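Work through the exercises below with the sequence and the model side by side, and try each task before reading its solution.

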Amino acid sequence: MHLLIEGLPGHEPGFVSGHDLSRAVSTSDQGASAPEAEDPKLREHCGVVAIHGHPDASRQAYLALYALQHRGQESAGIATADGTHLSNIKGMGLVSEIFTDDVLARLKGNMAIGHTRYSTTGDSALLNAQPIRVESTKGLIAIAHNGNLVNLGNLRVHLERKGAFFQTTSDSEIIVQLIAHSHATTLVDAIADSLRQVEGAFSIVMMTRDRIFAARDPHGFRPLSMGRIHNPDGPDTIVFASETCAFDLLRAKYERDVLPGELVMVTEDGVTSRQYAPPNQTSCIFEHVYFARPDSKIYGRWVQESREQMGRQLARESHVDADLVVPVPDSGVTAAIGYAAESGIPFRFGLIRNHYVGRTFIEPEQRVRDFGVKLKLNPVRNLLEGRRIILIDDSIIRGTTSRKIVRMVRQAGATEVHMRISCPPTISPCFYGVDTPRQSELIAANKTIEEIRRFVEADSLAYLSLEGLQKACDGGEGNRFCVACYTGDYPTQWIDVEDILPAAAAL
Ligand code: SF4
């Protein structure tokens with residue numbers, strides 16, 4: 001393992017070669033691009049956590065990151081502070097691969113922030129892994145960021161003209177540089193000042209030697225929740241995490257979401273908060289469709305409830321006579337349960353997912369790629385044979401994987417295969433922290449639903465309506481959502497889109 005160590009007492013900062021450098025390098029390469037023949041799931045960029053007031057803060061951050069591993073598998077990092085030092089260790093790979101007992105033992109202090117990452121903005125080098133630790137005119141700051149800034153090009157040029165020297169190509173460092181160059185006299189004012197200047201998606205946690213900050217952009221694109229571990233012998237531990245499933249391992253109680261446009265500060269004296277910008281909520285609806293775990297509460301609503309309602313609504317909107325409802329595991333499972341309950345058609349696991357297919361199989365060799373779906377999924381023939389199947393999935397991106405799955409089900413003996421998708425057709429890329437293919441590669445941007453049906457070789461195909469999706473995800477919470485990947489109607493101005501997409505993909 002190859003680690004980047006910063007700020008450890010008695011240690012020179014820099015790269016440390018570990019036991020498995022070759023593995024670290026190979027996982028880094030894998031994040032660069034998906035093989036063309038594969039139709040990968042859309043990928044979330046990051047998960048963030050923060051811990052304040054726990055004697056073993058690094059281990060708490062580790063547990064929380066472990067629960068957020070689904071939000072990014074390329075790199076991970078933990079920074080800790082003990083009032084004097086601010087140390088940071090990050091590496092390429094999974095949280096459990098990087099943070100052995102020995103590594104965690106070096107991260108001392110009762111405060112920590114952590115990050116797990118899948119990247120598209122900034123390259124995937126270890127230097128761009130987070131947290132990023134920057135010595136600034138306002139002191140040492142570590143930052144971990146989930147989301148994507150959309151005006152980063154302008155800001156970077158502006159800051160460089162003012163003398164800023166960037167250590168990374170990550171957009172998260174722009175926030176720290178804006179803090180460093182702010183004319184505000186206090187750190188909290190400087191942070192608020194910098195957050196007002198960036199546009200796009202950011203749920204961030206920051207740490208100085210003695211304080212933790214957590215903030216969400218005014219649109220609240222990405223989730224960020226606050227929880228508390230009750231301590232009968234002293235002050236409570238305050239925790240923040242991208243998803244509430246991280247609280248369960250810590251035995252923390254969910255308290256509330258960090259609000260869109262809110263900046264929360266935690267010190268020894270307790271929790272304070274300010275609204276640094278007026279809220280204008282357009283939270284990412286795709287968190288409910290696919291990214292977040294069903295055991296998380298996002299925007300005040302359980303993801304499991306939303307997904308089950310998507311399935312129920314889908315059944316109401318696009319009924320078809322069939323014998324079995326079969327999910328494409330794992331992401332289609334909860335919607336399929338809802339579809340089966342609403343339609344009265346039995347639910348069965350007709351496809352089994354191999355959970356032990358490692359990233360080592362995802363290599364750019366055609367002969368391996370051809371196994372693709374077969375390595376991950378296998379049909380249960382005795383369930384499928386002679387039956388009319390409703391296949392439930394959460395999205396069709398390029399269509400190639402869906403076609404392989406439809407063929408697989410048919411080859412296992414199904415007499416009819418009807419595809420039902422628990423969200424509307426994906427027609428536009430995301431600029432707010434989700435890795436989407438360019439528009440030319442999105443099948444729904446270029447084909448009608450009937451053409452897609454023919455492409456995936458299904459007997460029928462239907463998507464959930466946009467109204468149906470919004471209704472399923474709201475659940476009376478009054479949330480307002482970003483639905484831009486289904487409509488092409490973006491809630492922010494596209495200031496520097498070419499910074500996010502390759503030039504050829506600019507729309
Ligand atoms: S464009 Fe789609 S994936 Fe991106 S934030 Fe909006 S809803 Fe989420």
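Two residues are in contact if their C-beta atoms, placed from the backbone, lie within 7 Å. The model is a predicted one, and every solution below rests on it.

**Exercise 1. Describe the protein chain as a whole.**

Start with the secondary structure, which comes to 19 helices and 27 strands. Then turn to burial, where buried residues make up 50% of the 507 residues in the chain. Finally consider the contacts between residues at least 6 apart in sequence, of which 72% join residues at least 24 apart.

**Exercise 2. Determine which residues of helix H6 are buried, and what they pack against.**

Helix H6 spans residues 172-181, and nine of its ten residues are buried, so that the helix is mostly covered. The buried residues are Ser-172, Glu-173, Ile-174, Ile-175, Val-176, Gln-177, Leu-178, Ile-179 and Ala-180.

**Exercise 3. Characterise the packing of H6 and H7 by angle, distance and handedness.**

The axes of H6 and H7 are 8 Å apart, and the two helices pack at an angle of about 130°. Because angles over 145 degrees count as roughly antiparallel and those from 65 to 115 as roughly perpendicular, H6 is oblique to H7. The crossing in which H6 passes H7 is right-handed. On the H6 side the contact is made by Ile-175, Leu-178 and Ile-179, and on the H7 side by Ala-190, Ile-191, Ser-194 and Gln-197. Sorted by class, this contact has five nonpolar and two polar residues, with no charged ones.

**Exercise 4. Carry out the analysis for helices H10 and H11.**

Helix H10 covers residues 303-317 and helix H11 residues 333-343; their axes come within 6 Å and cross at roughly 45°. That angle makes H10 oblique to H11, and H10 passes H11 in a right-handed crossing. The residues that meet include Arg-307, Met-310 and Leu-314 in H10, and Ala-335, Ile-337 and Tyr-339 in H11. By class, the contact of H10 with H11 has eight nonpolar, six polar and five charged residues.

**Exercise 5. List the residues that surround the ligand and classify them.**

The surrounding residues are Phe-221, Cys-284, Ile-285, Phe-286, Cys-430, Tyr-432, Val-434, Cys-482, Val-483, Ala-484 and Cys-485. The classification then gives eleven nonpolar residues in this shell, with no polar and no charged residues.

Note on methods: Residues numbered from 1 in each chain as written. Predicted model: local features only at pLDDT ≥ 70, side-chain atom pairs only at ≥ 80, totals over all residues. Buried ≥ 20, exposed ≤ 12 C-beta atoms within 10 Å, placed from the backbone. Helix = DSSP H or I, 4+ residues; strand = E, 2+ residues; numbered from the N terminus. Axes fitted to C-alpha atoms, helices over the stretch in contact; angles between N-to-C directions. Parallel < 35°, antiparallel > 145°, perpendicular 65-115°, else oblique. Left-handed = near helix turned anticlockwise from the far one by under 90°. Nonpolar A, V, L, I, M, F, W, Y, C, P; charged D, E, K, R; others polar. Near = placed C-beta within 6 Å.
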